[in-house]
Amino acid sequence: LLYGFRHRRAQLGHGCLIRPDSTIDAGVQIGAESCVAGSTLYQGTILGRGCTTGPAVRIGGSSIGAHCGIEANSTISASTLEPHVGIQSGATIDATTIGSYSYIAREAILNDVRVGRFSSIGPRCTLGAGEHPSDLISTDQMVQPLTTVRTPRREIGEQAARMLLTLMRGGKPEQAHVDLG
């Protein structure tokens, strides 16, 4: 049990529990009453008050809000978790913001997304660049994993308008199908 002190490499809040098999880089801040159990916290990481991290968790350059739980074998980089977020084992989160009271199930992959508050992402779901549609949305309990992809909506609309104008003028579009992706 390590009590609050300022180390030349890291800042630990009062009542932290740091397992000896944990690695904590210079500049890391760990909030009071947090538990780091065999995790690696890389430079630029801020772990809020009352957080827990499981074995083989890797967090780098991220801000983790108070009372978040991150289970074993999860990786978080360049991301922000608001308070009271739960991350199950094996999740991969990169360049993502997750709203308060949200839940990310095991082996989910989130890359460059904004997940709203009170949201739930089911097991093995993959969310790509963009926004999870809204607060209070859930992909949990889905039979098949869900994958979302940001579509180039503006480009699709512009191309469709050009093709429609060509048809309205009696012409024929150069291509019947256009791949924008």
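Start by selecting Met 168, which counts as exposed because its relative accessibility is 62% (exposed means over 50% relative accessible area, buried under 20% and partly exposed in between, with a 1.4 Å probe and protein chains only). The model on screen is predicted: local features need pLDDT of at least 70, side-chain atom pairs count only at pLDDT 80 or more, and totals for chains, interfaces and linings use all residues. Residues are numbered from 1 along each chain as its sequence is written, and side-chain values use heavy atoms, with hydrogens and water left out.

Now show the helix around this residue. Met 168 sits in helix H1, residues 153–168 (helices, H or I, are DSSP runs of at least four residues, strands, E, of at least two, numbered from the N terminus).

Next, zoom out to the whole protein chain. Its secondary structure comes to one helix and 24 strands. Of its 181 residues, 35% are buried.

Colour the chain by pLDDT, the predictor's confidence in each residue from 0 to 100. The mean for the protein chain is 84, and 82% of its residues reach 70 or more. Then select residues 1–7, where the pLDDT is below 50; this stretch has 18 contacts in the model beyond near neighbours in sequence (a contact means heavy atoms within 4.5 Å). Where pLDDT is low, the predicted coordinates should not be read in detail.

Go on to Ile 121 in strand E21, residues 120–121. Is Ile 121 buried or exposed? Ile 121 is buried, because its relative accessible area is 0%.

The last stop is the aromatic rings. Rings of Phe, Tyr and Trp (its six-membered ring) pair if their centres lie within 6.5 Å; planes under 30 degrees apart count as stacked, over 60 as edge-to-face and the rest as tilted. By this rule there is one aromatic pair. Select Tyr 101 and Phe 118: their ring centres are 5.3 Å apart and their planes lie at 5°, so the pair is stacked. Tyr 101 is in the loop between strands E17 (97–98) and E18 (103–104), and Phe 118 is in the loop between strand E20 (113–115) and E21, 17 residues apart. Tyr 101 is partly exposed at 46% relative accessibility, and Phe 118 is partly exposed at 47%.
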